[in-house]
Amino acid sequence: MSETVFEILDDDIIFTIFAKLDDDPRHCARVACVSTRFFSLIRDFCWKTKCFPSLFSDLLSDDTPAGWFTLHKLSVCCPGLLHSGVLPSTTTTTTASESEGENNCFGNWKSHLARGNWNLSREQGSKLLGRQFRDDCLYICEWPGCVHFEEKRKYNLFRGVFKNFKQTRVWRSINDGERKRSKIDLGCAFCHCTHIWDLHSAFCLRRGFGFHHDGEPVVRAYVCDNGHVSGAWTHVPMYS
């Protein structure tokens with residue numbers, strides 16, 4: 001197979017081209033999908049300069065390419081309906097017709113590039129947690145997150161991350177002796193963790209969100225061992 005122009009260019013020249021990209025961090029995610037070489041270059045060298053470095057330096061405990069890669073994925077990817085708890089964990093396939101159109105773009109049940117705002121905010125995180133957990137540092141995406149229109153209602157999917165998760169009151173609450181919460185057999189959308197906790201059933205979310213008439217919670221959220229959060233809220237923003 002004949003070589004393309006990019007395959008014969010030095011890495012330094014490719015880096016110069018990548019530097020011309022706008023500051024939208026989703027551009028790096030798209031470029032990383034082009035080839036294994038681009039993925040390696042983006043993962044190993046470009047995340048830090050394109051992923052809100054001041055914020056992520058504060059959040060990052062694993063200062064390695066893998067650590068930066070995970071945080072970059074969290075900043076630009078919607079967790080999807082499955083990892084946000086909207087669809088049952090038995091959902092494993094989607095048809096071509098289901099993945100077409102505005103309402104099911106990218107196969108909405110799984111992770112995909114987020115639509116809307118991709119900034120992370122501690123202010124939004126503090127509105128999600130219960131009063132006794134307000135000192136925990138949680139960053140989540142700005143309202144309204146990635147909007148999904150489903151048959152029953154509209155879901156605003158959000159994602160976020162705890163700073164120093166193993167030192168938070170949320171972590172202590174879900175791992176507290178006899179009250180230790182059961183893990184859900186569903187992997188994290190952003191890392192290799194194979195189980196998550198339901199923050200709603202663990203009473204870590206702010207009281208007053210309530211339920212819909214059919215019993216579905218207005219707000220739900222899940223967290224993995226590494227502090228990555230995914231969830232969904234409906235109808236009204238959290239500040240209402």
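Partly exposed residues are those whose relative accessible area lies between the limits for buried, under 20%, and exposed, over 50%. The legends below apply this scale to a predicted model.

**Figure 1. Overview of the predicted chain.** The chain has 240 residues, of which 46% count as buried. Its secondary structure comprises 9 helices and 9 strands. The accessible surface amounts to about 12,700 Å², with 51% of that area belonging to carbon and sulfur atoms. Among contacts between residues at least 6 apart in sequence, 61% join residues at least 24 apart.

**Figure 2. The salt bridge between Arg37 and Asp11.** The closest N and O atoms of Arg37 and Asp11 are 2.6 Å apart. The pair connects distant parts of the chain, with Arg37 in helix 4 (residues 36-50) and Asp11 in helix 2, 26 residues apart. Asp11 has a relative accessibility of 34% and therefore counts as partly exposed. Arg37, at 27% relative accessibility, is likewise classed as partly exposed.

**Figure 3. A nonpolar patch on the surface.** Phe6, Ile13 and Ile17 make up this patch, and together they contribute about 230 Å² of accessible area. Ile17 belongs to helix 2 (residues 11-18). Because its relative accessibility is 37%, Ile17 counts as partly exposed.

**Figure 4. The largest nonpolar core.** This core has 44 residues, and those with the most contacts inside it are Leu128, Phe158, Phe162, Val170, Ile174 and Val223. At least two core residues are supplied by each of several elements, including helix 6 (65-76), helix 9 (169-174), strand 4 (138-141), strand 6 (154-162) and strand 9 (228-234). Strand 8 provides the largest share, 5 residues. Domain 1 (5-74) and domain 2 (80-234) both give residues to the core, so the core lies between them. In soluble globular proteins, nonpolar side chains tend to be buried together.

**Figure 5. Surroundings of Val223.** Val223 is among the core residues with the most contacts inside the core. When neighbours within four places in sequence are set aside, Val223 is in contact with Phe162, Phe165, Ile174, Ile196, Trp197, Leu199, His228 and Val229. Of these partners, Phe162 and Ile174 are also listed among the core residues with the most contacts.

**Figure 6. Two salt bridges of Asp214.** The side chains of Asp214 and Lys152 meet in a salt bridge with an N to O distance of 3.3 Å. This pair links distant parts of the chain: Asp214 is in the loop between strand 7 and strand 8, whereas Lys152 is in the loop between strand 5 (146-149) and strand 6, 62 residues apart. Asp214 also forms a salt bridge with Arg153, the closest N and O atoms being 3.4 Å apart. Arg153 lies in the loop between strand 5 and strand 6, 61 residues from Asp214 in its loop between strand 7 and strand 8. Asp214 has a relative accessible area of 37% and is therefore partly exposed. Lys152 counts as exposed because its relative accessibility is 54%, whereas Arg153, at 9%, counts as buried.

**Figure 7. A network of salt bridges.** Salt bridges link Lys152, Arg153, Asp214, Glu216 and Arg220 in a network. A search of the whole structure finds 8 salt bridges. Side chains of opposite charge can pair when their charged atoms come close.

Notes: Residues are numbered from 1 along each chain as its sequence is written. This is a predicted model: local features need pLDDT of at least 70, side-chain atom pairs count only at pLDDT 80 or more; totals for chains, interfaces and linings use all residues. Side-chain values use heavy atoms; hydrogens and water are left out. Patches are made of residues with over 30% relative accessible area and no salt bridge: like charges are joined within 9 Å, nonpolar side chains (Val, Leu, Ile, Met, Phe, Trp, Tyr) within 5 Å. Accessible areas come from the Shrake-Rupley method with a 1.4 Å probe; for residues, only the protein chains shown count as cover. A salt bridge is a side-chain nitrogen of Lys or Arg within 4 Å of a carboxyl oxygen of Asp or Glu. Helices (H or I, at least four residues) and strands (E, at least two) are DSSP runs, numbered from the N terminus. Buried means under 20% relative accessible area, exposed over 50%, partly exposed in between (1.4 Å probe, protein chains only). A nonpolar core is a set of buried Ala, Val, Leu, Ile, Met, Phe, Trp, Tyr and Cys residues joined through side-chain atoms within 4.5 Å. Domain bounds come from an automatic or database domain assignment. Contact means heavy atoms within 4.5 Å.
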